Amino acid sequence: MRALALALFVSLPALAQTRVEPRLLIKEHHFFASGGLTWLARGDYYDSPGLIAQLSYYPIEQGGLDVQIAGLFSFLSTSGEEVFRVSGLVPDAHMPQGLLLVGWRHTLAYGKAAIGSQIFHFDLQGAGHIGTLITDRAWTPALSLSGGLLVRMSDRFFGQLDLGLLTNYENRQQSFPVNFGFLPLLSIGIEL
Amino acid sequence: MTTNKAAAIGVALCACGGTLFVDPNPPQLRRVVAQYSTHGAAEPLIYLSLLDLYVEDPNTCGFAKNWFSDVTQKAMQETSSNQLALATQDLAPQCTQREGVILDTESILRDVQLLMANNPLSHLRLVIVYANNLNLSLPPERSESLRTLSARLTALQGWPPLLWLVSSKVIAKEVFADATSDWTYAGDPAMVTAFRASLKLALPLQSEVGTVSQLQPLLSSSDLGRAQQFKLCSSDPEATLPGVPVLGMAATLNRSTPPAWQITLPPQIAVTKVGFTLHTVKAQVELCDGNCDRYLKIDPDQLQQSWNVFRGCMLEGAK
(Lines give C-alpha, C1' and ligand atoms only; values in the text may rest on other atoms or scores of the structure.)
Protein backbone atom coordinates (compact mmCIF):
# COMPACT_ATOMS: atom_id res chain seq x y z
CA MET A 1 0.00 0.00 0.00
CA ARG A 2 2.85 2.27 0.85
CA ALA A 3 4.60 1.39 -2.43
CA LEU A 4 1.50 2.23 -4.50
CA ALA A 5 1.20 5.61 -2.84
CA LEU A 6 4.84 6.30 -3.57
CA ALA A 7 4.41 5.35 -7.26
CA LEU A 8 1.45 7.67 -7.66
CA PHE A 9 3.39 10.45 -6.02
CA VAL A 10 6.27 10.04 -8.50
CA SER A 11 4.28 9.55 -11.71
CA LEU A 12 1.61 12.18 -11.47
CA PRO A 13 3.95 15.12 -12.28
CA ALA A 14 5.42 13.11 -15.16
CA LEU A 15 2.02 12.46 -16.67
CA ALA A 16 1.39 16.11 -16.62
CA GLN A 17 4.41 16.63 -19.08
CA THR A 18 3.53 13.92 -21.71
CA ARG A 19 3.08 15.19 -25.31
CA VAL A 20 2.27 13.30 -28.53
CA GLU A 21 4.83 13.69 -31.34
CA PRO A 22 2.81 14.08 -34.58
CA ARG A 23 3.65 11.98 -37.62
CA LEU A 24 6.16 13.99 -39.61
CA LEU A 25 7.41 11.55 -42.26
CA ILE A 26 4.66 11.92 -44.80
CA LYS A 27 5.33 10.22 -48.11
CA GLU A 28 2.04 10.21 -50.00
CA HIS A 29 2.30 12.15 -53.30
CA HIS A 30 5.94 12.95 -52.62
CA PHE A 31 9.16 12.21 -54.46
CA PHE A 32 12.19 11.05 -52.52
CA ALA A 33 15.49 11.45 -54.31
CA SER A 34 18.70 10.27 -52.76
CA GLY A 35 22.28 9.33 -53.48
CA GLY A 36 24.77 7.30 -51.57
CA LEU A 37 27.07 4.35 -51.33
CA THR A 38 26.56 0.70 -51.99
CA TRP A 39 28.63 -2.49 -52.07
CA LEU A 40 27.81 -5.66 -53.92
CA ALA A 41 29.28 -8.72 -52.25
CA ARG A 42 28.61 -12.06 -53.95
CA GLY A 43 31.64 -14.24 -53.36
CA ASP A 44 32.94 -13.81 -56.89
CA TYR A 45 36.46 -12.65 -56.02
CA TYR A 46 35.55 -9.10 -56.98
CA ASP A 47 35.13 -6.23 -54.56
CA SER A 48 32.36 -4.09 -55.91
CA PRO A 49 31.82 -0.76 -54.16
CA GLY A 50 29.62 1.72 -55.92
CA LEU A 51 27.62 4.90 -56.00
CA ILE A 52 23.87 4.69 -56.13
CA ALA A 53 21.07 7.10 -56.97
CA GLN A 54 17.46 6.40 -56.05
CA LEU A 55 14.20 8.06 -56.91
CA SER A 56 10.96 7.02 -55.23
CA TYR A 57 7.44 8.26 -55.70
CA TYR A 58 4.74 7.31 -53.25
CA PRO A 59 1.25 7.42 -54.75
CA ILE A 60 0.00 6.15 -51.42
CA GLU A 61 1.40 6.49 -47.95
CA GLN A 62 1.96 2.75 -47.66
CA GLY A 63 4.12 2.30 -50.73
CA GLY A 64 5.81 3.74 -53.74
CA LEU A 65 7.58 3.08 -57.00
CA ASP A 66 11.32 3.04 -56.85
CA VAL A 67 14.13 3.33 -59.37
CA GLN A 68 17.75 2.58 -58.52
CA ILE A 69 20.78 3.26 -60.66
CA ALA A 70 24.22 2.29 -59.43
CA GLY A 71 27.69 2.42 -60.83
CA LEU A 72 29.98 -0.27 -59.43
CA PHE A 73 33.73 0.09 -59.44
CA SER A 74 34.72 -3.56 -59.24
CA PHE A 75 38.22 -4.84 -58.88
CA LEU A 76 39.77 -8.19 -58.04
CA SER A 77 39.72 -8.95 -54.36
CA THR A 78 42.95 -9.64 -52.54
CA SER A 79 42.57 -13.40 -52.89
CA GLY A 80 41.52 -13.11 -56.52
CA GLU A 81 44.49 -10.87 -57.17
CA GLU A 82 46.78 -13.43 -55.57
CA VAL A 83 45.52 -16.24 -57.80
CA PHE A 84 45.88 -14.03 -60.84
CA ARG A 85 49.39 -12.99 -59.87
CA VAL A 86 50.55 -16.55 -59.42
CA SER A 87 48.70 -18.36 -62.18
CA GLY A 88 47.23 -15.81 -64.55
CA LEU A 89 43.76 -17.22 -63.93
CA VAL A 90 40.75 -15.00 -63.28
CA PRO A 91 37.30 -15.75 -61.89
CA ASP A 92 34.81 -16.91 -64.46
CA ALA A 93 32.23 -14.64 -62.80
CA HIS A 94 31.36 -11.50 -64.69
CA MET A 95 32.77 -8.29 -63.24
CA PRO A 96 29.84 -6.20 -61.98
CA GLN A 97 29.80 -2.67 -63.36
CA GLY A 98 26.36 -1.32 -62.70
CA LEU A 99 22.81 -1.87 -61.59
CA LEU A 100 19.55 -0.67 -63.02
CA LEU A 101 16.53 -1.71 -60.97
CA VAL A 102 12.89 -0.72 -60.71
CA GLY A 103 10.49 -1.92 -58.08
CA TRP A 104 8.07 -1.27 -55.27
CA ARG A 105 8.89 -0.10 -51.80
CA HIS A 106 6.37 -0.81 -49.08
CA THR A 107 6.03 0.52 -45.57
CA LEU A 108 5.82 -2.24 -43.00
CA ALA A 109 5.82 -0.09 -39.85
CA TYR A 110 6.21 3.51 -38.76
CA GLY A 111 8.28 4.41 -35.75
CA LYS A 112 9.85 7.16 -33.73
CA ALA A 113 13.00 7.05 -31.71
CA ALA A 114 14.45 9.56 -29.31
CA ILE A 115 18.19 9.72 -29.56
CA GLY A 116 19.61 12.31 -27.25
CA SER A 117 17.49 15.39 -27.66
CA GLN A 118 16.46 14.43 -31.18
CA ILE A 119 13.41 12.49 -32.18
CA PHE A 120 13.70 10.56 -35.43
CA HIS A 121 10.72 9.42 -37.44
CA PHE A 122 11.26 6.44 -39.65
CA ASP A 123 9.64 3.87 -41.85
CA LEU A 124 10.53 0.22 -41.70
CA GLN A 125 10.29 -0.79 -45.35
CA GLY A 126 10.47 -3.84 -47.53
CA ALA A 127 11.20 -3.64 -51.26
CA GLY A 128 11.37 -5.79 -54.33
CA HIS A 129 13.13 -4.85 -57.54
CA ILE A 130 13.78 -6.31 -60.94
CA GLY A 131 16.19 -5.11 -63.56
CA THR A 132 19.66 -5.80 -64.73
CA LEU A 133 23.11 -6.22 -63.31
CA ILE A 134 25.43 -4.75 -65.88
CA THR A 135 28.70 -6.65 -66.10
CA ASP A 136 31.83 -6.42 -68.19
CA ARG A 137 30.28 -8.95 -70.55
CA ALA A 138 26.50 -8.53 -70.57
CA TRP A 139 23.40 -7.00 -69.15
CA THR A 140 22.20 -9.84 -66.98
CA PRO A 141 18.70 -10.24 -65.58
CA ALA A 142 18.55 -9.47 -61.86
CA LEU A 143 16.12 -9.55 -58.99
CA SER A 144 16.49 -8.08 -55.53
CA LEU A 145 14.64 -8.20 -52.23
CA SER A 146 15.52 -5.83 -49.45
CA GLY A 147 14.50 -4.47 -46.11
CA GLY A 148 15.52 -1.20 -44.57
CA LEU A 149 14.79 2.09 -42.95
CA LEU A 150 13.71 5.44 -44.36
CA VAL A 151 14.66 7.95 -41.68
CA ARG A 152 13.52 11.57 -41.57
CA MET A 153 16.48 13.77 -40.70
CA SER A 154 14.87 17.19 -41.09
CA ASP A 155 11.96 18.81 -42.88
CA ARG A 156 13.53 18.14 -46.28
CA PHE A 157 16.28 15.64 -45.74
CA PHE A 158 16.10 11.95 -45.10
CA GLY A 159 18.42 8.99 -44.92
CA GLN A 160 17.87 5.53 -46.25
CA LEU A 161 19.48 2.23 -45.33
CA ASP A 162 18.66 -0.89 -47.30
CA LEU A 163 19.99 -4.39 -46.81
CA GLY A 164 19.25 -6.37 -49.93
CA LEU A 165 19.76 -9.74 -51.52
CA LEU A 166 20.49 -9.62 -55.23
CA THR A 167 20.34 -12.56 -57.59
CA ASN A 168 21.24 -12.56 -61.24
CA TYR A 169 21.78 -15.01 -64.08
CA GLU A 170 24.98 -14.83 -66.07
CA ASN A 171 26.67 -17.23 -68.46
CA ARG A 172 29.83 -18.48 -66.85
CA GLN A 173 32.50 -20.63 -68.37
CA GLN A 174 32.40 -23.21 -65.62
CA SER A 175 30.51 -22.32 -62.48
CA PHE A 176 26.78 -22.16 -61.81
CA PRO A 177 25.15 -19.29 -63.67
CA VAL A 178 22.69 -18.23 -60.96
CA ASN A 179 24.40 -16.02 -58.39
CA PHE A 180 23.39 -14.51 -55.09
CA GLY A 181 24.87 -11.44 -53.51
CA PHE A 182 24.43 -9.11 -50.58
CA LEU A 183 23.65 -5.53 -51.52
CA PRO A 184 23.64 -2.98 -48.69
CA LEU A 185 23.14 0.66 -49.53
CA LEU A 186 23.20 3.86 -47.56
CA SER A 187 21.96 7.10 -49.05
CA ILE A 188 20.97 10.60 -48.08
CA GLY A 189 18.35 12.49 -49.98
CA ILE A 190 15.83 15.20 -50.27
CA GLU A 191 12.08 15.04 -50.21
CA LEU A 192 10.46 16.86 -53.12
CA MET B 1 55.72 -26.55 -60.14
CA THR B 2 54.73 -22.93 -59.76
CA THR B 3 51.95 -23.49 -62.25
CA ASN B 4 50.59 -26.44 -60.38
CA LYS B 5 50.74 -24.55 -57.14
CA ALA B 6 48.86 -21.68 -58.68
CA ALA B 7 46.23 -23.95 -60.12
CA ALA B 8 45.88 -25.62 -56.75
CA ILE B 9 45.44 -22.26 -55.08
CA GLY B 10 42.85 -21.42 -57.66
CA VAL B 11 40.92 -24.59 -57.18
CA ALA B 12 41.12 -24.32 -53.42
CA LEU B 13 39.71 -20.87 -53.52
CA CYS B 14 37.06 -21.83 -55.97
CA ALA B 15 35.84 -24.56 -53.69
CA CYS B 16 34.96 -21.94 -51.09
CA GLY B 17 32.77 -19.81 -53.33
CA GLY B 18 30.57 -20.51 -56.31
CA THR B 19 33.11 -19.04 -58.67
CA LEU B 20 35.78 -20.93 -60.54
CA PHE B 21 38.95 -19.57 -62.02
CA VAL B 22 39.59 -19.61 -65.74
CA ASP B 23 42.24 -18.38 -68.06
CA PRO B 24 41.41 -14.95 -69.46
CA ASN B 25 43.41 -15.85 -72.56
CA PRO B 26 42.60 -19.51 -73.14
CA PRO B 27 44.18 -21.47 -75.98
CA GLN B 28 42.58 -20.79 -79.33
CA LEU B 29 41.67 -24.28 -80.42
CA ARG B 30 39.77 -25.88 -83.24
CA ARG B 31 39.30 -29.35 -84.58
CA VAL B 32 39.79 -30.43 -88.15
CA VAL B 33 39.15 -33.81 -89.67
CA ALA B 34 41.34 -35.02 -92.49
CA GLN B 35 39.46 -37.47 -94.65
CA TYR B 36 40.37 -39.82 -97.44
CA SER B 37 37.59 -41.61 -99.29
CA THR B 38 37.56 -44.18 -102.03
CA HIS B 39 34.77 -45.36 -104.24
CA GLY B 40 34.16 -48.76 -105.70
CA ALA B 41 34.24 -49.31 -109.44
CA ALA B 42 31.58 -51.45 -111.08
CA GLU B 43 32.98 -54.46 -112.86
CA PRO B 44 31.60 -55.79 -116.15
CA LEU B 45 28.92 -58.34 -115.44
CA ILE B 46 29.60 -61.75 -116.97
CA TYR B 47 27.17 -64.49 -116.27
CA LEU B 48 26.40 -68.02 -117.20
CA SER B 49 22.98 -69.65 -117.00
CA LEU B 50 22.91 -73.33 -116.11
CA LEU B 51 19.48 -74.80 -116.68
CA ASP B 52 18.76 -78.02 -114.84
CA LEU B 53 14.97 -78.10 -114.87
CA TYR B 54 12.51 -80.91 -114.37
CA VAL B 55 9.14 -80.51 -116.06
CA GLU B 56 6.60 -83.30 -116.02
CA ASP B 57 4.75 -82.20 -119.10
CA PRO B 58 7.19 -82.40 -122.02
CA ASN B 59 5.09 -79.85 -123.89
CA THR B 60 5.91 -77.13 -121.39
CA CYS B 61 9.62 -77.93 -121.13
CA GLY B 62 10.56 -75.44 -123.80
CA PHE B 63 8.34 -72.80 -122.32
CA ALA B 64 9.92 -73.18 -118.86
CA LYS B 65 13.45 -72.97 -120.20
CA ASN B 66 12.76 -70.03 -122.48
CA TRP B 67 10.89 -68.23 -119.76
CA PHE B 68 13.70 -68.51 -117.25
CA SER B 69 16.41 -67.65 -119.79
CA ASP B 70 14.42 -64.60 -120.74
CA VAL B 71 13.89 -63.58 -117.11
CA THR B 72 17.59 -63.95 -116.38
CA GLN B 73 18.64 -61.99 -119.43
CA LYS B 74 16.27 -59.11 -118.71
CA ALA B 75 17.22 -59.01 -115.05
CA MET B 76 20.91 -58.88 -115.93
CA GLN B 77 20.31 -56.13 -118.46
CA GLU B 78 18.49 -54.10 -115.87
CA THR B 79 21.33 -54.61 -113.43
CA SER B 80 24.22 -53.55 -115.61
CA SER B 81 24.63 -51.94 -118.99
CA ASN B 82 28.04 -53.55 -119.28
CA GLN B 83 27.12 -57.20 -119.22
CA LEU B 84 28.20 -60.22 -121.16
CA ALA B 85 26.45 -63.57 -121.23
CA LEU B 86 28.23 -66.83 -121.75
CA ALA B 87 26.34 -69.41 -123.78
CA THR B 88 23.64 -71.01 -121.65
CA GLN B 89 24.32 -74.61 -120.75
CA ASP B 90 21.23 -76.75 -120.70
CA LEU B 91 21.90 -79.70 -118.41
CA ALA B 92 18.42 -81.20 -118.90
CA PRO B 93 17.39 -80.68 -122.52
CA GLN B 94 14.33 -82.89 -122.13
CA CYS B 95 13.51 -81.47 -118.69
CA THR B 96 13.89 -84.88 -117.10
CA GLN B 97 17.23 -84.37 -115.34
CA ARG B 98 18.15 -87.87 -116.43
CA GLU B 99 19.77 -87.06 -119.73
CA GLY B 100 23.26 -87.44 -118.30
CA VAL B 101 24.46 -84.16 -119.74
CA ILE B 102 27.78 -83.22 -118.22
CA LEU B 103 28.69 -79.67 -117.46
CA ASP B 104 31.10 -78.47 -120.12
CA THR B 105 33.70 -76.95 -117.86
CA GLU B 106 36.28 -76.60 -120.58
CA SER B 107 34.13 -74.45 -122.81
CA ILE B 108 33.22 -72.23 -119.88
CA LEU B 109 36.86 -71.79 -118.99
CA ARG B 110 37.72 -71.01 -122.60
CA ASP B 111 35.00 -68.34 -122.76
CA VAL B 112 36.10 -66.81 -119.51
CA GLN B 113 39.71 -66.80 -120.62
CA LEU B 114 38.72 -65.02 -123.79
CA LEU B 115 36.74 -62.42 -121.90
CA MET B 116 39.63 -61.87 -119.51
CA ALA B 117 41.94 -61.29 -122.45
CA ASN B 118 39.51 -58.77 -123.92
CA ASN B 119 39.07 -56.95 -120.60
CA PRO B 120 42.54 -56.89 -119.11
CA LEU B 121 41.84 -53.99 -116.78
CA SER B 122 38.68 -55.49 -115.31
CA HIS B 123 38.36 -57.96 -112.49
CA LEU B 124 35.98 -60.39 -114.11
CA ARG B 125 34.14 -62.73 -111.81
CA LEU B 126 31.73 -65.12 -113.38
CA VAL B 127 28.19 -65.12 -112.00
CA ILE B 128 26.74 -68.58 -112.40
CA VAL B 129 22.95 -68.71 -112.29
CA TYR B 130 22.07 -72.31 -111.63
CA ALA B 131 18.38 -73.08 -111.94
CA ASN B 132 17.08 -76.36 -110.57
CA ASN B 133 13.41 -76.64 -109.71
CA LEU B 134 13.34 -80.14 -108.31
CA ASN B 135 12.73 -80.38 -104.61
CA LEU B 136 15.28 -83.15 -104.16
CA SER B 137 18.92 -83.41 -103.28
CA LEU B 138 21.38 -82.82 -106.08
CA PRO B 139 22.91 -85.96 -107.59
CA PRO B 140 26.50 -86.27 -106.36
CA GLU B 141 27.94 -85.95 -109.86
CA ARG B 142 26.16 -82.63 -110.35
CA SER B 143 27.45 -81.25 -107.04
CA GLU B 144 30.89 -82.44 -107.96
CA SER B 145 30.82 -80.81 -111.37
CA LEU B 146 29.78 -77.49 -109.81
CA ARG B 147 32.60 -77.75 -107.29
CA THR B 148 35.07 -78.56 -110.04
CA LEU B 149 33.94 -75.61 -112.12
CA SER B 150 34.28 -73.33 -109.12
CA ALA B 151 37.76 -74.61 -108.34
CA ARG B 152 38.99 -74.26 -111.90
CA LEU B 153 37.60 -70.77 -112.24
CA THR B 154 39.26 -69.83 -108.98
CA ALA B 155 42.54 -71.11 -110.31
CA LEU B 156 42.06 -69.24 -113.55
CA GLN B 157 40.84 -65.90 -112.23
CA GLY B 158 42.26 -65.74 -108.77
CA TRP B 159 38.85 -65.62 -107.10
CA PRO B 160 35.87 -67.98 -107.11
CA PRO B 161 32.80 -67.49 -109.27
CA LEU B 162 29.64 -66.17 -107.69
CA LEU B 163 27.10 -68.96 -107.59
CA TRP B 164 23.53 -67.78 -107.72
CA LEU B 165 21.17 -70.60 -106.97
CA VAL B 166 17.56 -70.45 -108.20
CA SER B 167 16.17 -73.59 -106.70
CA SER B 168 14.08 -75.36 -104.15
CA LYS B 169 14.88 -74.96 -100.50
CA VAL B 170 16.32 -78.49 -100.30
CA ILE B 171 19.07 -77.76 -102.79
CA ALA B 172 19.73 -74.35 -101.32
CA LYS B 173 20.55 -76.02 -98.02
CA GLU B 174 22.92 -78.52 -99.64
CA VAL B 175 24.86 -76.40 -102.07
CA PHE B 176 26.99 -73.60 -100.78
CA ALA B 177 25.88 -70.64 -102.85
CA ASP B 178 26.73 -66.98 -102.63
CA ALA B 179 23.09 -66.06 -103.18
CA THR B 180 19.83 -67.89 -103.53
CA SER B 181 16.42 -67.22 -105.00
CA ASP B 182 13.39 -69.42 -104.59
CA TRP B 183 12.02 -71.30 -107.54
CA THR B 184 8.24 -71.39 -107.43
CA TYR B 185 6.90 -72.24 -110.90
CA ALA B 186 7.62 -71.25 -114.43
CA GLY B 187 5.75 -68.07 -115.30
CA ASP B 188 5.34 -66.88 -111.71
CA PRO B 189 5.51 -63.06 -111.79
CA ALA B 190 6.23 -62.90 -108.04
CA MET B 191 9.31 -65.07 -108.52
CA VAL B 192 10.50 -62.75 -111.30
CA THR B 193 10.07 -59.70 -109.13
CA ALA B 194 11.96 -61.23 -106.22
CA PHE B 195 14.75 -62.50 -108.47
CA ARG B 196 15.21 -59.11 -110.12
CA ALA B 197 15.21 -57.30 -106.81
CA SER B 198 17.82 -59.57 -105.29
CA LEU B 199 20.02 -59.27 -108.38
CA LYS B 200 19.81 -55.50 -108.25
CA LEU B 201 20.91 -55.47 -104.64
CA ALA B 202 24.02 -57.50 -105.38
CA LEU B 203 25.12 -56.65 -108.91
CA PRO B 204 27.11 -55.36 -110.66
CA LEU B 205 30.10 -56.51 -108.66
CA GLN B 206 32.28 -53.78 -107.20
CA SER B 207 36.03 -53.53 -106.95
CA GLU B 208 38.44 -51.35 -105.12
CA VAL B 209 42.03 -52.07 -105.81
CA GLY B 210 44.04 -51.88 -102.65
CA THR B 211 45.46 -48.41 -102.22
CA VAL B 212 48.72 -47.25 -100.82
CA SER B 213 48.44 -43.54 -101.30
CA GLN B 214 51.26 -41.09 -101.68
CA LEU B 215 52.18 -39.08 -98.63
CA GLN B 216 49.71 -36.25 -98.65
CA PRO B 217 49.20 -33.17 -96.50
CA LEU B 218 47.23 -33.76 -93.35
CA LEU B 219 46.18 -30.12 -93.13
CA SER B 220 44.89 -27.67 -95.68
CA SER B 221 46.99 -24.67 -96.61
CA SER B 222 44.64 -22.32 -94.75
CA ASP B 223 44.95 -24.43 -91.59
CA LEU B 224 48.69 -24.44 -91.98
CA GLY B 225 48.69 -20.67 -92.29
CA ARG B 226 46.77 -20.07 -89.10
CA ALA B 227 47.79 -22.77 -86.65
CA GLN B 228 50.86 -22.64 -84.46
CA GLN B 229 50.74 -26.09 -82.91
CA PHE B 230 48.76 -29.26 -83.39
CA LYS B 231 47.87 -32.55 -81.76
CA LEU B 232 46.75 -35.73 -83.41
CA CYS B 233 43.56 -36.75 -81.61
CA SER B 234 42.67 -39.95 -83.43
CA SER B 235 43.37 -41.76 -86.65
CA ASP B 236 41.95 -44.81 -88.35
CA PRO B 237 44.21 -47.87 -88.51
CA GLU B 238 44.52 -47.55 -92.28
CA ALA B 239 46.40 -44.28 -91.84
CA THR B 240 50.06 -43.92 -91.07
CA LEU B 241 51.44 -40.56 -90.10
CA PRO B 242 55.21 -40.59 -90.32
CA GLY B 243 56.83 -37.86 -88.30
CA VAL B 244 53.64 -36.93 -86.48
CA PRO B 245 53.92 -37.19 -82.69
CA VAL B 246 51.96 -39.84 -80.87
CA LEU B 247 48.31 -39.27 -80.07
CA GLY B 248 47.64 -36.26 -77.92
CA MET B 249 51.13 -34.79 -77.92
CA ALA B 250 51.48 -31.19 -78.99
CA ALA B 251 53.89 -30.37 -81.77
CA THR B 252 54.89 -27.14 -83.39
CA LEU B 253 53.77 -26.79 -86.98
CA ASN B 254 56.72 -26.62 -89.26
CA ARG B 255 55.47 -25.09 -92.47
CA SER B 256 58.43 -26.27 -94.49
CA THR B 257 57.70 -29.88 -93.52
CA PRO B 258 53.99 -29.96 -92.75
CA PRO B 259 52.45 -33.08 -91.23
CA ALA B 260 51.49 -35.69 -93.79
CA TRP B 261 49.71 -39.00 -93.85
CA GLN B 262 49.55 -42.10 -95.97
CA ILE B 263 46.62 -44.40 -96.49
CA THR B 264 46.83 -48.13 -96.95
CA LEU B 265 43.58 -49.82 -97.90
CA PRO B 266 43.01 -53.54 -98.38
CA PRO B 267 41.76 -54.60 -101.82
CA GLN B 268 38.17 -55.60 -102.45
CA ILE B 269 37.87 -57.41 -105.74
CA ALA B 270 34.57 -58.11 -107.47
CA VAL B 271 32.40 -58.28 -104.38
CA THR B 272 28.66 -57.86 -104.32
CA LYS B 273 27.26 -54.40 -103.73
CA VAL B 274 25.94 -55.40 -100.32
CA GLY B 275 29.26 -56.90 -99.35
CA PHE B 276 31.30 -53.96 -100.56
CA THR B 277 32.66 -51.62 -97.92
CA LEU B 278 33.22 -48.00 -98.81
CA HIS B 279 36.42 -46.90 -97.19
CA THR B 280 36.66 -43.56 -95.52
CA VAL B 281 39.78 -43.02 -93.51
CA LYS B 282 39.83 -40.19 -91.01
CA ALA B 283 42.28 -38.46 -88.75
CA GLN B 284 41.23 -35.86 -86.22
CA VAL B 285 43.60 -33.05 -85.44
CA GLU B 286 43.34 -30.33 -82.82
CA LEU B 287 44.89 -27.08 -83.95
CA CYS B 288 46.02 -24.28 -81.71
CA ASP B 289 46.03 -20.84 -83.29
CA GLY B 290 47.37 -19.00 -80.25
CA ASN B 291 47.96 -19.05 -76.49
CA CYS B 292 48.96 -22.67 -76.80
CA ASP B 293 50.61 -22.75 -73.38
CA ARG B 294 47.55 -21.33 -71.62
CA TYR B 295 45.01 -23.17 -69.53
CA LEU B 296 41.83 -25.06 -70.10
CA LYS B 297 39.84 -27.41 -67.98
CA ILE B 298 38.37 -30.54 -69.48
CA ASP B 299 36.73 -31.86 -66.36
CA PRO B 300 35.11 -29.85 -63.57
CA ASP B 301 36.92 -31.98 -61.01
CA GLN B 302 40.32 -31.51 -62.56
CA LEU B 303 42.84 -28.74 -62.42
CA GLN B 304 43.32 -26.26 -65.19
CA GLN B 305 45.74 -27.75 -67.69
CA SER B 306 48.15 -26.09 -70.02
CA TRP B 307 47.15 -27.21 -73.52
CA ASN B 308 50.59 -27.98 -74.87
CA VAL B 309 51.64 -29.81 -71.71
CA PHE B 310 48.47 -31.84 -71.31
CA ARG B 311 48.58 -35.14 -73.19
CA GLY B 312 45.39 -35.45 -75.15
CA CYS B 313 43.02 -33.30 -77.08
CA MET B 314 41.05 -30.85 -75.00
CA LEU B 315 38.50 -29.21 -77.21
CA GLU B 316 35.92 -31.93 -76.95
CA GLY B 317 34.47 -31.58 -73.48
CA ALA B 318 36.60 -28.58 -72.65
CA LYS B 319 34.96 -26.00 -70.40
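This is a predicted model: local features need pLDDT of at least 70, side-chain atom pairs count only at pLDDT 80 or more; totals for chains, interfaces and linings use all residues.

Analyst: Let's start with B:A41, which lies in strand β3 (residues 41-42) of chain B. Residues are numbered from 1 along each chain as its sequence is written, and chains are lettered from A and ligands numbered from 1 in the order in which they are written.

(Buried means 20 or more other C-beta atoms within 10 Å of a residue's own, exposed means 12 or fewer, and partly exposed is in between, with C-beta atoms placed from the backbone.) Leaving out residues up to four places away in sequence, B:A41 touches B:Q206 and B:S207; contact means that the C-beta atoms, placed from the backbone, lie within 7 Å. B:S122 is 81 residues from B:A41 along the chain, yet their C-alpha atoms are separated by 9.6 Å.

Now step back to the whole of chain B. It contains 7 helices and 20 strands, and 33% of its 319 residues count as buried. Take the contacts in chain B between residues at least 6 apart in sequence: 74% of them join residues at least 24 apart.

Next comes the core. A nonpolar core is a set of buried Ala, Val, Leu, Ile, Met, Phe, Trp, Tyr and Cys residues joined through C-beta atoms within 7 Å. The largest one has 44 residues, and B:V127, B:I128, B:V129 and B:A131 touch the most other members. Among the elements of chain B that give two or more residues to this core are β4 (45-51), β7 (126-132), α2 and α6. Look at B:V127: beyond its neighbours within four places in sequence, its contacts are B:L45, B:I46, B:Y47, B:P161, B:L162, B:W164 and B:L203. There is also a second, separate core of 29 residues, which includes A:V90, B:A34, B:L219 and B:W307.

Helix α2 (residues 61-79) and helix α6 (residues 189-202) of chain B meet at an angle of about 35 degrees, with their axes 9 Å apart. (Axes are lines fitted to C-alpha atoms, for helices over the stretch in contact, and angles run from 0 to 180 degrees between N-to-C directions.) From α2(B), the contact uses B:V71, B:A75, B:E78 and B:T79, while α6(B) brings B:V192, B:F195, B:R196, B:L199 and B:K200.

A:E191 counts as buried because it has 20 C-beta neighbours inside 10 Å. Apart from residues up to four places away in sequence, A:E191 touches A:H30, A:F32, A:R156 and A:F158. The C-alpha atoms of A:E191 and A:F157 are 6.2 Å apart, although 34 residues separate them along the chain. Chain A itself has 2 helices and 10 strands, and 34% of its 192 residues count as buried.

How values were computed
Helices (H or I, at least four residues) and strands (E, at least two) are DSSP runs, numbered from the N terminus. Two residues are in contact if their C-beta atoms, placed from the backbone, lie within 7 Å.
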